[in-house]
Amino acid sequence: MRYHGTIFYPEERSELLSLVEAEKDSDPIRAAILPHMGLWQCQEAYRSVFRTIPDCKRIIALLPLHRPPLERDGGSIMFESKEEAEDTPLGEVRIGTFGLGDASAYEKEEYMRELLLPYAAYFTPSSTLHAIYTYVKKSEDMKKLRHFLSSMDDGNTVFLISSNMTGRLQEDEMRRMRSSTIDAILEGGHLLDKWRKGRIGACATAEIESVSAILGGRWELIWTREEDSICGHAGFIMR
């Protein structure tokens, strides 16, 4: 179910299509990092990523929760959208499941999944999208996530990570933190330790490090938003 239309993306078909449509790119990717913000501001990053995803590829989206899980879900670090055909103004998106915890309660607060839907409907209508909400802040939990994701790396899966480069900060501090975070992602290595020490600010740090370790590739910066003044944003791909 969609909850955040008109706030983070337009519901009117022709306006939404103007943010989405582009020609396909024949040079496929294995993973990407995309920001979460209004699609009006980050459409270029989303188009650049989705135009490189071959239709029929399985898409696993890692969506970091911005608050701890509910008390009833204590001890769990992964939750997923229920299996359904999600309707969008640009067509249906097939949502798949792996049998993880129910993410319904989190979908009302977190809009990240909804940003992906129009692009999936337009570029990959035959693909199955798995929307996995994660809460990974400790090394032991990152090991669990990495173990789970490694079993999904079958050569027919693209991993998408929703992450901003900083939280809400004063502009000078935001720009410094955004630059440090981008540099750390491009460099690779142990990102979670840098996040704990306050050196980087990506909200999906553990997810980024986990995918990097599984795929063994290097991230390529494809987009930054120079107009940022409060929260830092960037986009990356891994081929």
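1. H5 passes H8 in a right-handed crossing; a crossing is right-handed if the near helix is turned clockwise from the far one by less than a right angle, and left-handed if anticlockwise. The axes of H5 (residues 139-150) and H8 (residues 205-215) come within 9 Å and cross at roughly 45°. That makes H5 oblique to H8, as angles under 35 degrees count as roughly parallel, over 145 as roughly antiparallel, 65 to 115 as roughly perpendicular and the rest as oblique. Axes here are lines fitted to C-alpha atoms, for helices over the stretch in contact, with angles from 0 to 180 degrees between N-to-C directions. Helices (H or I, at least four residues) and strands (E, at least two) are DSSP runs numbered from the N terminus.

2. A word on the model before going on. It is a predicted one, where local features need pLDDT of at least 70 and side-chain atom pairs count only at pLDDT 80 or more, while totals for chains, interfaces and linings use all residues. Residues are numbered from 1 along each chain as its sequence is written, and side-chain values use heavy atoms, with hydrogens and water left out.

3. Which residues of H5 and H8 make the contact? From H5 come Met-142, Leu-145, Arg-146, Leu-149 and Ser-150, and from H8 come Ala-206, Glu-207, Glu-209, Ser-210, Val-211, Ala-213 and Ile-214. Contact means heavy atoms within 4.5 Å. By class there are 7 nonpolar, 2 polar and 3 charged residues in the contact of H5 with H8; Ala, Val, Leu, Ile, Met, Phe, Trp, Tyr, Cys and Pro count as nonpolar, Asp, Glu, Lys and Arg as charged, and the others, Gly among them, as polar.

4. Now look at H1 (residues 13-20) and H2 (residues 39-50), whose axes come within 8 Å and cross at roughly 45°. H1 and H2 are therefore oblique to each other. Glu-15, Ser-18, Leu-19 and Val-20 of H1 meet Leu-39, Trp-40, Gln-43 and Arg-47 of H2, giving 4 nonpolar, 2 polar and 2 charged residues.

5. H1 also meets H4: their axes come within 10 Å and cross at roughly 80°, so H1 and H4 are roughly perpendicular to each other. Leu-16, Leu-17, Leu-19 and Val-20 of H1 touch Pro-118, Tyr-119, Tyr-122 and Phe-123 of H4. This contact has 8 nonpolar residues, no polar and no charged.

6. How many cavities of 30 Å³ or more does a search of the whole structure find? There is 1, and about 40 Å³ of space lies in the largest cavity. On a 1 Å grid over the protein atoms alone, a cavity is a set of points where a 1.4 Å probe fits but cannot get out, a pocket is an open set with protein on both sides within 12 Å along at least five of seven lines, and lining residues have an atom within 4 Å of a point. Grid points are joined across faces, edges and corners, and a volume is the space filled by probe spheres set on the points. The lining of the largest cavity has 8 nonpolar residues, 1 polar and no charged; its largest share, 3 residues, comes from E8.

7. The largest pocket holds about 410 Å³ of space. It is lined by 22 residues, and closest to its centre are His-36, Tyr-111, Asn-164, Cys-231 and His-233.
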